[in-house]
Amino acid sequence: MAATASSYSITMRLYTAPDHSVVGAVATTIATNGGVVTAIDVTESRHDRLVVDVTCSAADAAHSQELVAAVDEVEGVTVHKVSDRTFLLHLGGKISVESKVPLRTRDDLSMAYTPGVGRVSMAIHDNPEDVRKLTIKGNSVAVVTDGSAVLGLGNIGPGAAMPVMEGKAALFKRFADIDAWPICLASQDTDEIVKAVEMIAPGFGGINLEDIAAPRCFEIEARLRESLDIPVFHDDQHGTAIVVLAALTNALRCVEKQLAEVRIVVSGAGAAGTAIVTLLLAAGAKDVVVVDRFGALSADDESLSPAHRDLAAATNPRRAAGSLQDVLAGADVFIGVSAPGILKADWLPTMAEKPVVFALANPDPEIDPAEADKHAAVVASGRSDYPNQINNVLAFPGVFRGLLDAGASEVTVDMLLRAAQAIADTVKPEELHPAFIIPSVFHPDVTKRVASAISGREA
């Protein structure tokens, strides 16, 4: 069976015969059918029946339904109700607003609100730079999307993007104590998005663009960086690039190769692929070939779009041509930010000795990491159920913490390079291993190190 995951965790409420051996039969049935039991609670015991809550994880939604059907076939068992724990977690949303000051008396109200608040407003009017100190602006980020490229789900719109943006805001708070707001815009028009963000910018210390499709995201980011005096960061581009560079830095240490000397193939020429390539080149990579669904991008191909033409001009110095399989031969590194299942296991032996494979498509990678591990020296993915998870949470909280602490007005390439190095260096030499090239998102020092690298201040 495929690996189970907590994101497909269910709780079944069962009515069973008054025989506790039935509980064991249920657990055995779930295990036999590929599920993993994580909790069993007898919530009610009567002379005529037991009420049992069984929590288990499955490989996917279809598998969870199979587990329910199998349990319902156990003699003496009736499945009364099934709860999807992921949906339960999202009921009512995942974030809220809380007051940082007490509001218990008239005295409290007179300072926090009228009439006292008017004095603070006039102080900001007289000294606009004080807005960061006297309001939440100095610790706030807008998480902005148009819903056009949500996770691996595609163009599902602003409403469906809301749970993802809420999750992003929750991560900002958990890992960097930053107050972030989901801003889901009901437009996919570049001019309208730029104007909307410009209009809300006075209330925020930074803008995190999220899940906006390429090539629109490139223009939106460029125009906002030009017009705003606060940093604008497209996490799908630059957050991904930072973590990929950090992981690759340590992967190459494991295989004793140098970035400037390896041949790299990047599958995917969208927002993430473009940013990864740009940062790899800035870090010193010399031989990078980008492949889209039509094959290798080359500067001598006049049919390319403007965005792909720029990308091709900066890459593929050997003018390699052909499919992914063709250009993969002899390559040291594969980085995938494209589509599931496009990398075949029998292609990997054609790569250079001790190849590195980063299969990062989400939720389903370019190749099953377990299959890639049979041929590659180092394997990473975007999944949490395999070693070496490439996760943007390693980057964006610390990046914005550093930007806000420094009162920065922009994000520079040098900042991104320093952030990647900070993440890579969090893995101590004695910890470095092909199955451990990147720290956990819960490592206590990651956010502090990245923030320090961005702001230039001591952690």
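**Figure 1. Lining of the second largest pocket in the predicted model.** Strand β6 contributes the most to the lining of the second largest pocket, supplying 3 residues. The model shown here and in the other views is a predicted one. The space in this pocket amounts to about 480 Å³. Its lining consists of 17 residues, and those nearest the centre of the pocket are Ser96, Val97, Glu98, Lys173 and Asp179. Two elements, α7 (157-176) and β6 (179-184), each give two or more residues to this lining. By class, the lining residues comprise 8 nonpolar, 3 polar and 6 charged.

**Figure 2. Packing of helices α11 and α16.** Two packed helices are described by the angle between their axes and by the distance between those axes. Helix α11 (residues 271-283) packs against helix α16 (residues 413-426) at an angle of about 85 degrees, and their axes are 10 Å apart. Because of this angle, α11 is roughly perpendicular to α16. From α11, the residues Leu279, Ala282 and Ala283 meet Val413, Leu416 and Leu417 of α16. The contact of α11 with α16 comprises 6 nonpolar residues, with no polar and no charged ones.

**Figure 3. Crossing of helices α15 and α17.** The axes of helix α15 (residues 396-406) and helix α17 (residues 446-455) are 7 Å apart, and the two helices pack at an angle of about 45 degrees. The helices α15 and α17 are therefore oblique to each other. The crossing of α15 and α17 is right-handed. On the side of α15, the contact involves Pro397, Gly398, Val399, Arg401, Gly402, Leu403 and Ala406. On the side of α17, the contact involves Thr447, Val450, Ala451, Ile454 and Ser455. The residues of this contact between α15 and α17 fall into 7 nonpolar, 4 polar and 1 charged.

**Figure 4. Crossing of helices α8 and α9.** Helix α8 (residues 190-200) and helix α9 (residues 216-227) cross at roughly 35 degrees, with their axes coming within 10 Å. The crossing of these two helices, α8 and α9, is right-handed. Helix α8 takes part in the contact through Thr190, Asp191, Ile193, Val194, Val197 and Glu198. Helix α9 takes part through Arg216, Glu219, Ile220, Arg223, Leu224 and Ser227. Sorted by class, the residues in the contact of α8 with α9 are 5 nonpolar, 2 polar and 5 charged.

Figure 5. Most peptide bonds are trans, and most residues other than glycine have a negative phi. The bond that joins Thr114 and Pro115 is cis, with omega about 10 degrees. Pro115 is placed in the loop between α4 (106-112) and α5 (116-126). A cis peptide bond also runs from Ala214 to Pro215, where omega is near 5 degrees. Pro215 is found in the loop between β7 (206-209) and α9.

**Figure 6. Backbone of Glu256.** Glu256, a residue other than glycine, has a positive phi, near 60 degrees. The position of Glu256 is in the loop between α10 (235-255) and β9 (263-267).

Terms used: Residues numbered from 1 in each chain as written. Predicted model: local features only at pLDDT ≥ 70, side-chain atom pairs only at ≥ 80, totals over all residues. Heavy atoms only, no water. Axes fitted to C-alpha atoms, helices over the stretch in contact; angles between N-to-C directions. Helix = DSSP H or I, 4+ residues; strand = E, 2+ residues; numbered from the N terminus. Parallel < 35°, antiparallel > 145°, perpendicular 65-115°, else oblique. Contact = heavy atoms within 4.5 Å. Nonpolar A, V, L, I, M, F, W, Y, C, P; charged D, E, K, R; others polar. Left-handed = near helix turned anticlockwise from the far one by under 90°. 1 Å grid on protein atoms, 1.4 Å probe; cavity = no way out; pocket = protein on both sides within 12 Å on 5 of 7 lines; lining within 4 Å. Points joined across faces, edges and corners; volume = space filled by probe spheres on them.
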